[in-house]
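Please work through each task with the structure at hand before reading its solution.

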Amino acid sequence: MKKKSQSKEGLFLTDAQLKNEFAKCEYCEEKPCMDKCPADCSAADFIMAARVFSASDLKRSAAQIMKNNPLGGVCGLVCPDKFCMAACVHKKFDAAVNIPAVQATIIKKARELGGIAAFTRPRPNGKKVAVVGSGPAGLGAAAVLAQKGCKVDIFEKEKIAGGTCNWIPGFRLDKEMLAQDLEFAVSLGAIDIHLRSVVRSPETLLKKGYDAVLVAVGLTEPIRLGLKNEELAVPAMAYLKNPKKYKLTGRVAVIGGGAVAADCAMVARENGAAAVELLALESIGEMPLTPKEMNELLENGIEISGRTRVSAMVKRNGRIRGLATVKVALAAGAAFNLQDIKEVPGTQQARKDFMAVIVAIGSRAKVARSDRPGIFYAGDCVNGPSTVVEAVAAGKNAALEIDAWLRRAAKPAIANRVKSSVELHGYVARPVPLESDFFGRKISTPFLLSAAPPTDGFEQMKMAYEAGWSGGIMKTAFDNIPIHIPGEYMHAFNDLTYGNCDNVSGHSLDRVCGEIEKLVKLFPDRLTMASTGGPVSGNDERDRAGWQNNTRKLENTGVMGIEYSLSCPQGGDGSEGDIVSQNAALTAKIVEWILVGGSPYVPKLFKLTGAVTSIAVIVNAISKVLLRHPEKKAGITLANT
Ligand SMILES: Cc1cc2nc3c(=O)[nH]c(=O)nc-3n(C[C@H](O)[C@H](O)[C@H](O)COP(=O)(O)OP(=O)(O)OC[C@H]3O[C@@H](n4cnc5c(N)ncnc54)[C@H](O)[C@@H]3O)c2cc1C
Ligand code: SF4
Ligand code: SF4
């Protein structure tokens, strides 16, 4: 029988899979995935942040997840598909974006790349809060309270922190991820976790000087079947905490039909059980398992006996050596419910083949609620069995209430205990580094003004630089070339239009050169570029001289780059040379003239038109010329064409 590979690598996506999931995301404006996430994580935003895939993008994306969910890594691995994925609109096309796996992988990658961007720690506000229980609810609350400046002491009865997450089997939850999420949560402020510290009464903590106490103790009491000899069976949680201790071999029965029973079955199989059979009151279709969980059971050869009630446990030599079972039924068409289940007469069976039994029919809370002011409750201990992300949300909501109470402010209205939009204050939406490099020259942003009316003169450029632009290309100017602008470009030339709204500048090249000299001196940290062209008369000698003279004239001004408008005029009137870059041979010839005659220190950009059937032909022709002049700084641009 095949045993599924349970390596932790299988929990994360490969780069190719991750990019494939990114490509599926529609970046929905209404963010239905976020609406359905109990912790309010926005896949639309964290996928958008990560999609370029650079290290800083992945780290920023991870921080976006953690600002809503300090157990974001854990949740990426264990969130069921009933939340964000159920709402993902992409399932209308084929399948939902695999948001949990994307989330887990982004966080893992961010940590491998040096860590999630740090959250700022707040100034202490002088308040002390005790949290009982270090599970997701306690941690969610502690994270929010610490970020508001409270000193938080978490008391945990076990020797490890993390609550029930510790007992989620390793083939689903990589415990390194849990440890790293815990480290992240504790780093958010003044949080101390006191292990092996059982709290018997929250009131005593108030007496010890805490301003508020949050009880988040989860579900601690296993629900029992009430059968004779049941004490010889292993309770699910005890088994998951230490499966090796029980050495279950032979055929093992797991009583229960939920996710915890499924985990017990898988862990028993992994730890040496020859065969494992789930005995559940539900039919297979009614078992509250995700398709993934059901597949895992089937792939691992777990047998499932639905509509089966265990009615007795048989004891021999101080051990369980068999079960009595009976089939149950519901009225045709009735939804599954415990009250209406009836035993089917004549279906009793004595199953002597079982060597051990695990009881996994649920746990309940053992909390005596106090109505003393200053004591709060959150998580599964008050909401019943839920999920990690819902417990985190419950903890965040409780923190909101505690914060209001500490400030003697009005109690916040919380519509849904297990949905919370609270964000961690210390998240810094770090700006994307915009500093860029233009042929070895540093510029503060890659956003430049293109050659157009806003750059048609010294005053316009100065205003742009004073407003923060990192550079601009002055509007295209030539020497001694009759400019012919087809009449239709100027048809809207009236008081409301900007003079010479398209094409080239009305200024002489000499004037533009003078303005560039001034700009370069006044704004040495900005990228001041020129745009020019030259004649295309058919007389190569004269034309070459024209292009090269314009180039030299501009280079003498200290200009930081020259754009050659091989795309003008944008519309064109159809005559050859009217738009140079519609003709590969002509374009290559002009580029050659410019590179041969121009300085190797002043970068040249050749601006092409998009009005061609295939721009690849033109680009290939230019590339061949550029390869012949490796010492020259040159490139291609499609700016405002
Ligand atoms: C086997 C199993 C598998 C699960 N799998 C998933 C899954 O795949 N996905 C998912 O989303 N959810 C899963 N869950 C559910 C999820 O783990 C819980 O919903 C969640 O952990 C509840 O969080 P909590 O903080 O309310 O309680 P808990 O996580 O139970 O934490 C409570 C903490 O309080 C401590 N405590 C209790 N009493 C005291 C005391 N008197 N003094 C001090 N400390 C005390 C406990 O030791 C514990 O650490 C699973 C649960 C189980 C049992
Ligand atoms: S619903 Fe799906 S497709 Fe839309 S933003 Fe969220 S993850 Fe992307
Ligand atoms: S925390 Fe869970 S439910 Fe929320 S977006 Fe992430 S994977 Fe989905």
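**Exercise 1.** Classify Trp469 as buried, partly exposed or exposed, and state where it lies.

*Solution.* Step one: the relative accessibility of Trp469 is 35%, so this residue counts as partly exposed; buried means under 20% relative accessible area, exposed over 50%, and partly exposed in between (1.4 Å probe, protein chains only). Step two: Trp469 lies in the loop between H17 and strand E19 (471-473), where helices (H or I, at least four residues) and strands (E, at least two) are DSSP runs, numbered from the N terminus. Step three: together with Val432, Leu434 and Phe447, Trp469 makes a nonpolar surface patch of about 360 Å².

The model is predicted: local features need pLDDT of at least 70, side-chain atom pairs count only at pLDDT 80 or more, and totals for chains, interfaces and linings use all residues. Residues are numbered from 1 along each chain as its sequence is written, and side-chain values use heavy atoms, with hydrogens and water left out.

**Exercise 2.** Determine the setting of Phe458 and which residues beyond its sequence neighbours it is in contact with.

*Solution.* Step one: Phe458 belongs to helix H17 (residues 458-466). Step two: its relative accessible area is 10%, so Phe458 is buried. Step three: leaving aside neighbours within four places in sequence, Phe458 is in contact (heavy atoms within 4.5 Å) with Met474, Glu515, Lys518, Leu519 and Leu522. Step four: Lys518 is 60 residues from Phe458 in sequence, yet their C-alpha atoms are 8.1 Å apart.

Definitions and conventions. Chains are lettered from A and ligands numbered from 1 in the order in which they are written. Patches are made of residues with over 30% relative accessible area and no salt bridge: like charges are joined within 9 Å, nonpolar side chains (Val, Leu, Ile, Met, Phe, Trp, Tyr) within 5 Å. Accessible areas come from the Shrake-Rupley method with a 1.4 Å probe; for residues, only the protein chains shown count as cover. A salt bridge is a side-chain nitrogen of Lys or Arg within 4 Å of a carboxyl oxygen of Asp or Glu.
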